[in-house]
Amino acid sequence: MNHSSTDVRDVEAAQKRFASTDHLDDHFQSNRIGYRDLLHRAGIEPGWHVLDAGAGGGNYLPLIADLVGETGKITALDLSAENVEIIRQRREEWDIPCPVEAVEGNVVSIPFDDDTFDAVWCANTSQFLSDEELDQSLREFRRVTRPDGLVAIKDTEGAGNAIRTMHPEYIWRMHDRFKSWEHFRGAWRSWNLQRFLERAGLVAVWSQNTLIEHRAPLTEVERRSLSNFWSKVVAVRAVELTREAGVDGDELQFWVDLRDDTPDSVLNSPDFYSTEGQILAVGRVP
């Protein structure tokens, strides 16, 4: 009983930490090159008005601005009033060549008229939506995008998230146990985003799966980001689920060491190597 109540509190704290602006900034910076490349593949063109749906703290805005240029425009939409204020502050600090508007709103009910945008970019957001919410958000993306405009979704593909220097059976069992965790359920659905876009009535839909790699020696921001994800989120939950499964010994100790970031943690191995699965799905509005 003590383990269970303690673990629940730890998991709740881990979820809040995972959603914090500091963690999201570190995560973006540690994956910046890979994220930039995925954005470039989407097909956004100069002069376009782009909606960044679920913009968070706005990390993608300078990269989108590089694509649309001085003649383009960006609208950043986020559910959090705090994130909207952060974007407005950062907009003044960043050297962005085009107008940027930050608006509070929900991706399942977008506060804009039909055909307002040339493209919608939605990154690292769909995994937190239920199937019904994802369907509704995609219908909204289609509605606010002009005919022949783009809708592009980029998100985590959960099966690609792995520490390759760990015992493979540990990661396999972790993935299996995590399927029931609502916080990450959408990440195991991402491989099927193409079908969701097609169901929303988008055409010429395509998707691409890729991996972002991290290998020792890690940069300071990589180390911090990976620790926030693997130690303070994944391992916290893995310890709870491993105990619930009645597993102890080396497997449980592996997750405890990773959770507590002990000297024996795999994060401290000179052979550390991890991957993050990413999926990009793009469709056109008919």
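**View 1. The largest pocket of the predicted model.** The space in this pocket amounts to about 1,000 Å³. Its lining is made up of 49 residues. Leu 24, Gly 54, Asn 124, Thr 125 and Phe 128 are the lining residues that lie nearest the centre of the pocket. Two or more lining residues come from each of α2 (21-30), β2 (73-78), α5 (81-93), α7 (168-178), α8 (182-185), α10 (220-244) and β8 (273-284). Helix α2 gives the most, with five residues. By class, the lining of the largest pocket holds 22 nonpolar, 22 polar and five charged residues.

**View 2. The second largest pocket, with helix α3 in its lining.** About 170 Å³ of space lies in the second largest pocket. The lining consists of 15 residues, and those nearest the centre are Asn 31, Ile 33, Gly 34, Asp 37 and Ile 212. At least two lining residues are supplied by each of α2, α3 (32-41) and β7 (203-215). The largest share, six residues, belongs to α3. Four residues of the lining are nonpolar, six are polar and five are charged.

View 3. His 27 counts as buried because its relative accessibility is 14%, under the 20% cut-off. A polar contact joins the side chain of His 27 to the side chain of Tyr 35, at 2.9 Å. When neighbours within four places in sequence are left aside, the residues in contact with His 27 are Tyr 35, Asn 124, Ser 225 and Glu 276. One of these, Asn 124, is also among the residues nearest the centre of the largest pocket.

**View 4. Strand β1 (residues 49-53) and its pairing with β2.** Strand β1 is mostly covered, with five of its five residues buried. The residues that point one way from β1 are His 49, Leu 51 and Ala 53, while Val 50 and Asp 52 point the other way. Both groups are buried. The pairing of β1 with β2 is parallel and runs over five bridges. Val 50 has Ile 74 in β2 as its bridge partner.

**View 5. Strand β4 (residues 117-123) and its pairing with β1 and β5.** Seven of the seven residues of β4 are buried, so that the strand is described as mostly covered. With β1, strand β4 pairs in the parallel sense over three bridges. Trp 121 in β4 is the bridge partner of Asp 52. With strand β5 (residues 145-156), β4 also pairs in the parallel sense, over six bridges. Here the bridge partner of Cys 122 is Ile 153 in β5.

**View 6. Val 107 in the loop between β3 (100-104) and β4.** Val 107 has a relative accessibility of 8% and therefore counts as buried. Its contacts, apart from neighbours within four places in sequence, are with Ala 53, Gly 54, Leu 77, Leu 129, Ser 137, Glu 140 and Phe 141. Among them, Ala 53 is a buried residue of β1, and Gly 54 is one of the residues nearest the centre of the largest pocket. Val 107 and Asn 31 are separated by 76 residues in sequence and by 24 Å in space, C-alpha to C-alpha. Asn 31 is itself one of the residues nearest the centre of the second largest pocket.

**View 7. Glu 93 in helix α5.** With a relative accessible area of 62%, Glu 93 is exposed. The C-alpha atoms of Glu 93 and Ala 152 are 27 Å apart, and the two residues are 59 places apart in sequence.

**View 8. Backbone geometry at Asp 148, Ala 204 and Pro 217.** Asp 148, in strand β5, has a positive phi of about 70 degrees although it is not a glycine. The relative accessibility of Asp 148 is 47%, and for this reason it counts as partly exposed. Ala 204, which lies in strand β7, is likewise not a glycine and has a positive phi of about 50 degrees. Ala 204 is exposed, as its relative accessible area is 60%. The peptide bond joining Ala 216 and Pro 217 is cis, with omega about 0 degrees. Pro 217 is in the loop between β7 and α10.

Key:
Residues are numbered from 1 along each chain as its sequence is written. This is a predicted model: local features need pLDDT of at least 70, side-chain atom pairs count only at pLDDT 80 or more; totals for chains, interfaces and linings use all residues. Side-chain values use heavy atoms; hydrogens and water are left out. On a 1 Å grid over the protein atoms alone, a cavity is a set of points where a 1.4 Å probe fits but cannot get out, and a pocket is an open set with protein on both sides within 12 Å along at least five of seven lines; lining residues have an atom within 4 Å of a point. Grid points are joined across faces, edges and corners, and a volume is the space filled by probe spheres set on the points. Helices (H or I, at least four residues) and strands (E, at least two) are DSSP runs, numbered from the N terminus. Ala, Val, Leu, Ile, Met, Phe, Trp, Tyr, Cys and Pro count as nonpolar, Asp, Glu, Lys and Arg as charged, and the others, Gly among them, as polar. Buried means under 20% relative accessible area, exposed over 50%, partly exposed in between (1.4 Å probe, protein chains only). A polar contact is a pair of N or O atoms within 3.5 Å; within protein, one must be able to donate a hydrogen and the other to accept it, and residues adjacent in sequence count only if both atoms are side-chain atoms. Contact means heavy atoms within 4.5 Å. Two strands pair if DSSP finds at least two bridges between them.
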